[in-house]
Amino acid sequence: MAFFIDSSDPKEIKDLFGWGVLSGVTTNPLIIAKEAPDADLGERIKEILAVSHGDVSVELTTETEHEMLEEAAIYHAWDPSRITIKVPMSEHGLRVVHQLTKKGVKTNVTCLMAMNQAYLAALAGATYVSIFSGRVRDMGYDVRPVIESTRLILDREGLDAKIIVGSMRHLMDVNEALECGAHVPTITPPILRKLVWHPRTIETINEFNTAWRNRGKK
Ligand code: E4P
């Protein structure tokens with residue numbers, strides 16, 4: 001079991017890795033376009049690599065097999081042991097995963113909404129399969145059976161792919177992903193911070209510290 005951080009902000013990533021609970025980073029083109037529209041992708045990812053450890057997912061934005069493989073080669077060279085090529089699910093995507101797997105390159109097949117997609121990605125050799133919790137719910141479906149059935153089939157068939165659950169909108173989505181068998185919830189910084197917090201914890205700490213400060217006073 002592991003948590004990844006779903007962010008491209010090196011400052012946040014550095015700070016949150018300090019908690020000792022994170023073991024990787026996921027990014028996507030939307031996150032980077034929002035957080036750093038003017039950034040050079042290579043520079044941004046190298047900054048992230050410097051302040052984190054574990055796998056760092058970088059997503060392909062080209063759409064033909066040839067272009068995707070060329071793009072993947074550029075990203076992979078930034079750190080062959082840690083860069084994980086995030087491949088959007090499609091027929092081209094499966095071919096690319098198959099090619100990259102043969103070369104020993106780690107992959108994360110992304111934008112998955114259904115178990116059948118995750119199963120195909122795992123068969124093609126994906127290191128990770130990323131199920132999008134919030135986006136499944138946006139369509140009016142329950143994501144729990146998607147995660148549970150994916151975990152069931154990966155375990156039953158002895159496939160090595162690990163299930164990432166992303167697109168978290170609420171802290172309860174994280175708890176639910178863990179309960180349903182996700183190997184790796186990937187969490188945005190605001191939701192990760194919410195996981196720490198509980199009102200009764202704050203009250204209890206205040207009660208203890210107030211008692212300590214007032215000890216001996218009548
Ligand atoms: C996961 O790897 C994705 O980066 C991410 O969680 C997508 O989330 P969204 O639905 O908020 O865009």
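Glu 176 is buried, with a relative accessible area of 13%. This residue belongs to a network of salt bridges with shared partners, which joins Arg 137, Asp 142, Arg 144, Asp 173 and Glu 176. The model described here is predicted.

Arg 144 counts as partly exposed, at 39% relative accessibility. Asp 142 is partly exposed as well, with a relative accessible area of 32%.

In the whole structure, a search finds 13 salt bridges. Another of them joins the side chains of Asp 15 and Arg 193, at 2.8 Å from N to O. This pair, too, links distant parts of the chain. Asp 15 sits in helix 1 (residues 10-17) and Arg 193 in helix 10 (residues 189-196), 178 residues apart. Asp 15 has a relative accessible area of 41% and is partly exposed. Arg 193 is likewise partly exposed, with 32%.

Strand 1 (residues 3-6) pairs with strand 8 (residues 184-187) in the parallel sense, over 2 bridges. Here Phe 4 stands opposite Thr 186 of strand 8.

Strand 3 (residues 55-59) is mostly covered, as 5 of its 5 residues are buried. In a regular strand, side chains alternate between the two faces of the sheet. Both faces of strand 3 are covered. Asp 55, Ser 57 and Glu 59 are buried on one side, and Val 56 and Val 58 are buried on the other. Strand 3 pairs in the parallel sense with strand 2 (residues 22-26), over 3 bridges. Val 25 stands opposite Val 56 of strand 3.

Strand 3 also runs parallel to strand 4 (residues 83-88), and 4 bridges join the two. Val 56 stands opposite Ile 83 in strand 4. The bridge partner of Val 58 in strand 4 is Ile 85. Strand 3, helix 4 (residues 65-78) and strand 4 make a right-handed β-α-β unit.

Strand 4 is largely enclosed by the rest of the structure, because 5 of its 6 residues are buried. Strand 4 pairs in the parallel sense with strand 5 (residues 107-112), over 4 bridges. Ile 85 stands opposite Thr 107 in strand 5. From strand 4 the chain crosses through helix 5 (residues 91-102) to strand 5, and this β-α-β crossover is right-handed.

The surface also carries a nonpolar patch. Trp 19, Val 21, Val 196, Trp 197 and Ile 202 make this patch, which covers about 500 Å². Ile 202 is found in helix 11 (residues 199-213). Ile 202 is partly exposed, with a relative accessible area of 39%.

How values were computed
Residues are numbered from 1 along each chain as its sequence is written. This is a predicted model: local features need pLDDT of at least 70, side-chain atom pairs count only at pLDDT 80 or more; totals for chains, interfaces and linings use all residues. Side-chain values use heavy atoms; hydrogens and water are left out. Patches are made of residues with over 30% relative accessible area and no salt bridge: like charges are joined within 9 Å, nonpolar side chains (Val, Leu, Ile, Met, Phe, Trp, Tyr) within 5 Å. Accessible areas come from the Shrake-Rupley method with a 1.4 Å probe; for residues, only the protein chains shown count as cover. A salt bridge is a side-chain nitrogen of Lys or Arg within 4 Å of a carboxyl oxygen of Asp or Glu. Buried means under 20% relative accessible area, exposed over 50%, partly exposed in between (1.4 Å probe, protein chains only). Two strands pair if DSSP finds at least two bridges between them. A crossover is right-handed if, with the strands pointing away from the viewer, the path from the first strand over the helix to the second runs clockwise.
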